[in-house]
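I opened a new model today and kept notes as I went.

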Amino acid sequence: MICKHRFICSIVFSLVFAIQSGTGSADDAMLRWSELPSIPDSLGVAGPIVGVHGDTLIVAGGANFPKPVWDNDKAWHDQIYVLREDAWQTVGTLPRPLAYAAAVSTPDGVVCIGGNDATKTYSDVFLLQYQEQTGEIAILPYPALPSPCVYGAATRIGDVIYLVGGQSGSALDTAMNNMWSLDLSQRENADQFVWREHTDVPFPSRAFNLTLAQHDGYHDAIYVISGRRQSGEEVDFLTDTWKYVPATKTWESCAAVPRCVMAAPGVAFGQSHLFVLGGADGSLFDQTDQLRDEHPGFPKQALAYHTITDTWTSAGEIPANQVTTVAVKWKDRLIVASGEVRPRVRSPKVWSIKPLAKSLDFGAINYGVLIGYLLSMVGIGVYFAKRNKSTDDYFRGGKSVPWWAAGCSIFATMLSSLTFTGVPSKSFAQDWVYAVGNMTIPLVAVIAVFVALPFYRRIDATSAYEYLELRFNRAVRLFGSASFTLFHVFRMAVVMSLTGLALAAATPLSPSQSVVMMGVLSILYCTMGGIEAVIWTDTVQTVVLLGGAVIAVVLLVSGVDGGSEGLLQAASEHDKFALANWNWDATNTQIALWVIIAGGIAQNVSSYTADQAVVQRYMTTPSQKLAARAIWTNAVLTIPATLLFFGIGTALFAFYRSNPEKLDPTATTDQIFPLFIAHEMPIGLAGLIVAGVFAAAQSTVSTSMNSTATTVVTDFLRPLNFCRSDRGYLRAARWATFLIGIAGTTIALLFINPDIKSLFDQFIKVIGLFMGVLGGLFVLGALTSRGNGPGAFLGGLVGAGVMYTVWKDTSVNGYLYTAIGIATCFVVGYSLSLVIPAAPKDLTGLTVYTLRSERQSSSS
């Protein structure tokens with residue numbers, strides 16, 4: 001016991017050290033600018049081709065005015081410079097002097113599009129490739145544009161390049177309202193590797209615009225911002241913003257930029273931000289000749305646009321405003337290379353720009369609340385460790401758990417930390433469409449209470465997969481148990497890794513530190529206390545989870561312009577309460593209502609009938625009647641919880657639409673709620689709600705540990721008579737819990753990926769990949785009397801293969817995975833059962849037909 005206490009103390013010490021060492025700085029600037037070596041041309045150039053190939057920064061061409069700038073004509077250049085480490089090299093020349101071409105970085109090199117020289121505007125397109133072995137530039141021809149173009153801007157989504165705007169000649173009145181696209185995946189197909197003209201462009205002609213690509217919460221989208229155009233004798237300096245979604249082929253008008261930012265370098269950053277790094281506002285456009293060297297230059301202010309809330313805000317003052325150049329991402333920074341700083345004057349300077357995270361000072365009180373909560377969970381494990389005298393106590397709580405606690409445990413297990421972070425982020429970025437899936441839980445509860453529960457209570461199951469052996473054979477039981485074990489090890493890893501990423505925005509802990517802490521603490525109380533420790537910690541965590549969420553809603557509403565009325569207005573204007581998409585599309589383009597309903601029912605049927613983590617709770621209450629109450633308790637709690645967590649997401653949208661300056665450009669969409677917790681909540685409450693996130697994660701992780709240990713011991717060790725006594729199996733259960741926890745935590749550390757755009761979507765896919773087949777086996781066993789062991793086993797194998805293929809080779813929405821798994825396993829299993837003979841089995845009480853007959857016989 002002394003060793004246990006020492007180990008717990010060491011965990012506390014490590015937690016405090018990690019928190020103290022991770023405290024953020026007090027610098028709240030959005031961007032940090034620093035200089036890199038200037039390009040070799042001492043005058044600098046405007047309109048250079050700027051791009052990245054591999055680890056190499058490329059700057060080519062451009063135009064400038066030799067000094068004295070007001071006495072000389074513009075000169076075009078053809079030199080190609082590269083920067084690999086800290087020094088520039090001249091590595092060749094372009095086919096001709098060229099400037100003001102659009103440029104797009106691709107894995108194969110930098111695509112240069114159009115441009116001009118002193119006499120001509122070009123339609124030529126070519127690729128610049130840096131050859132690392134020789135240190136030279138290779139130039140490869142690409143398909144020419146439909147017409148000459150200069151002063152346009154291009155971007156890329158996947159394999160497709162989009163060029164928008166530009167002039168077909170030297171005069172502004174030749175500006176176009178064009179959008180052309182080139183699919184790079186068609187390079188080997190000459191007939192298809194051509195520029196395609198889009199004829200549905202809704203905005204007026206323009207040049208010197210920005211064209212950027214970013215995710216809008218639903219899809220990757222093209223954003224066209226600002227520019228200038230000729231309108232009769234006048235020049236219009238545009239402030240409009242337009243969005244084009246390739247997946248739906250639709251245009252939409254967005255919030256106007258605060259000022260004209262024509263010719264600005266712009267770049268997408270993170271999952272939902274666009275940075276405009278300067279730009280000309282046109283305020284002194286007609287005074288250039290009078291001001292000459294007295295011209296003050298262009299406004300030295302950067303702007304940030306958030307694609308989800310459709311808001312603009314200042315990104316701070318900037319040291320230089322270099323226009324008519326291209327901003328690019330190079331390594332871990334943003335780059336602005338050379339450009340024009342005032343009429344006729346260029347700069348050779350190259351700027352490295354780093355977006356900064358919001359400073360974080362979690363505070364001693366928050367630390368105290370968080371640590372106190374986590375230690376209390378371990379304390380529960382220590383308490384129940386003394387009560388476990390047998391495997392029945394460890395796995396089923398001696399069938400003495402109150403029904404309401406079992407219900408809370410089911411609720412906490414099924415919702416998990418991804419409800420606390422993933423669901424609000426989903427409704428923040430999108431709408432309430434996914435809420436419909438949760439509303440199928442009360443419907444499925446009917447099946448759980450009147451079909452699944454009687455099966456398991458009748459056979460007095462410890463493992464849900466004992467049913468599969470009685471209904472089919474030992475091989476099907478082992479297949480189901482192994483599939484469940486594999487699923488929950490990966491489920492633990494996914495939950496911990498994704499929660500760790502989300503918590504990185506709310507605490508000084510890194511994702512890896514959060515994962516280790518969640519894993520170690522869950523291992524401690526789960527290994528010691530068994531299912532009772534899990535259930536009672538789940539019950540506490542349910543209170544913390546829902547209580548913290550209610551507090552968050554109140555604080556969010558109070559921070560929205562106009563309060564609750566302002567929230568409802570903002571959400572309504574942006575369709576944030578939408579509940580259905582009326583289409584027949586089964587892909588990820590826009591999830592349809594039928595997909596939500598079919599997927600939701602399938603997921604919940606699998607979870608409430610074939611998931612040991614849920615079924616195990618059915619066996620912890622004294623009677624079947626009380627177990628049914630536990631299921632109904634979970635079903636009832638699901639409704640307000642769904643409204644609450646989807647409501648938090650909508651409130652977050654309204655809050656950050658009112659306060660866009662409080663958004664963190666380095667945060668992912670899934671970190672939006674933890675971001676609010678860390679920066680907007682009062683001291684103490686922030687610690688409590690962060691504890692709620694940990695609580696939700698640990699409820700899932702500890703459940704997976706205990707339920708998986710249950711299947712390992714019950715389905716694999718006991719049939720082999722691995723231990724000589726029940727006490728031996730109790731020790732084996734604790735070791736299994738410990739080792740499974742270690743495995744899940746280790747895999748979680750490998751799974752940490754900050755590029756994931758939606759925790760919710762990834763988690764749904766993991767559920768579908770594994771639980772569809774398990775649900776199919778249960779449906780086959782319960783709803784048919786002709787399904788047999790060989791057919792079920794082969795149906796499970798085919799179902800697993802189909803699920804892998806669907807995940808790997810199709811664009812089917814992950815929400816349908818479970819339904820596909822159930823259908824495949826059922827259809828294949830039943831069909832093969834009709835042609836493959838098997839020894840007859842006593843099915844009394846094992847199908848819906850024989851269970852009903854057994855009840856009738858008992859009543860008579």
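**Surface and overall build**

I began with the surface: the protein exposes about 31900 Å², and carbon and sulfur atoms supply 57% of it. I note here that the model is predicted.

Next I checked burial. Of the 860 residues, 60% count as buried.

I then counted secondary structure and found 21 helices and 28 strands. The radius of gyration is 31 Å, close to the 29 Å that the globule rule gives for 860 residues, so the protein is as compact as a globular protein of that length. I also took the spans of the C-alpha trace along the principal axes: about 110 × 65 × 55 Å.

For contacts I looked at pairs at least 6 apart in sequence. Of these, 72% join residues at least 24 apart.

**Cavities**

Rolling a probe the size of a water molecule over the atoms shows where empty space is left. I counted six cavities of 30 Å³ or more.

I went to the largest cavity, which has a volume of about 410 Å³. It is lined by 27 residues, and Met 414, Asn 438, Gln 603, Ile 764 and Ile 767 are the closest to its centre.

Which helix gives the largest share of the lining of the largest cavity? I found that α5 does, with six residues. Helices that each supply at least two residues of this lining include α5 (403–429), α9 (474–503), α14 (624–658) and α18 (759–783). By class, I have 16 nonpolar, nine polar and two charged residues around the largest cavity.

The second largest cavity holds about 70 Å³ of space. I listed its lining, and among the residues are Ser 272, His 273, His 306 and Phe 428. Leu 663, Asp 664 and Pro 665 also line the second largest cavity, as do Thr 668 and Thr 669.

**A pocket**

I moved on to the second largest pocket, with a volume of about 900 Å³. Its lining has 39 residues, and Phe 208, Arg 228, Phe 285, Glu 340 and Pro 343 lie nearest the centre. Both β17 (220–231) and α2 (288–291) supply at least two residues each to the lining of this pocket. I sorted the lining into 18 nonpolar, 12 polar and nine charged residues.

**Ser 707**

I placed Ser 707 in helix α16, residues 685–717. Is Ser 707 buried or exposed? Its relative accessible area is 0%, so Ser 707 is buried; the cut-off for buried is under 20%.

Leaving out residues up to four places away in sequence, I found that Ser 707 touches Phe 484, His 488, Gln 612, Ala 613 and Gln 616. I checked one of these partners further. Ala 613 is 94 residues from Ser 707 along the chain, and their C-alpha atoms are separated by 5.2 Å.

**Asp 726**

My last stop was Asp 726, in helix α17, residues 726–751. Asp 726 has 29% relative accessibility, so it counts as partly exposed.

With residues up to four places away in sequence left out, Asp 726 touches Ser 390, Thr 391 and Arg 718. I also looked up Thr 527, which is 199 residues from Asp 726 in sequence. C-alpha to C-alpha, Asp 726 and Thr 527 are 17 Å apart.

How values were computed
Residues numbered from 1 in each chain as written. Predicted model: local features only at pLDDT ≥ 70, side-chain atom pairs only at ≥ 80, totals over all residues. Heavy atoms only, no water. 1 Å grid on protein atoms, 1.4 Å probe; cavity = no way out; pocket = protein on both sides within 12 Å on 5 of 7 lines; lining within 4 Å. Points joined across faces, edges and corners; volume = space filled by probe spheres on them. Helix = DSSP H or I, 4+ residues; strand = E, 2+ residues; numbered from the N terminus. Nonpolar A, V, L, I, M, F, W, Y, C, P; charged D, E, K, R; others polar. Rg over C-alpha atoms; globule rule 2.2 N^0.38 Å. Buried < 20%, exposed > 50% of the residue type's maximum accessible area, 1.4 Å probe, protein only. Contact = heavy atoms within 4.5 Å. Areas by Shrake-Rupley, 256 points an atom, 1.4 Å probe, with all protein chains shown as cover.
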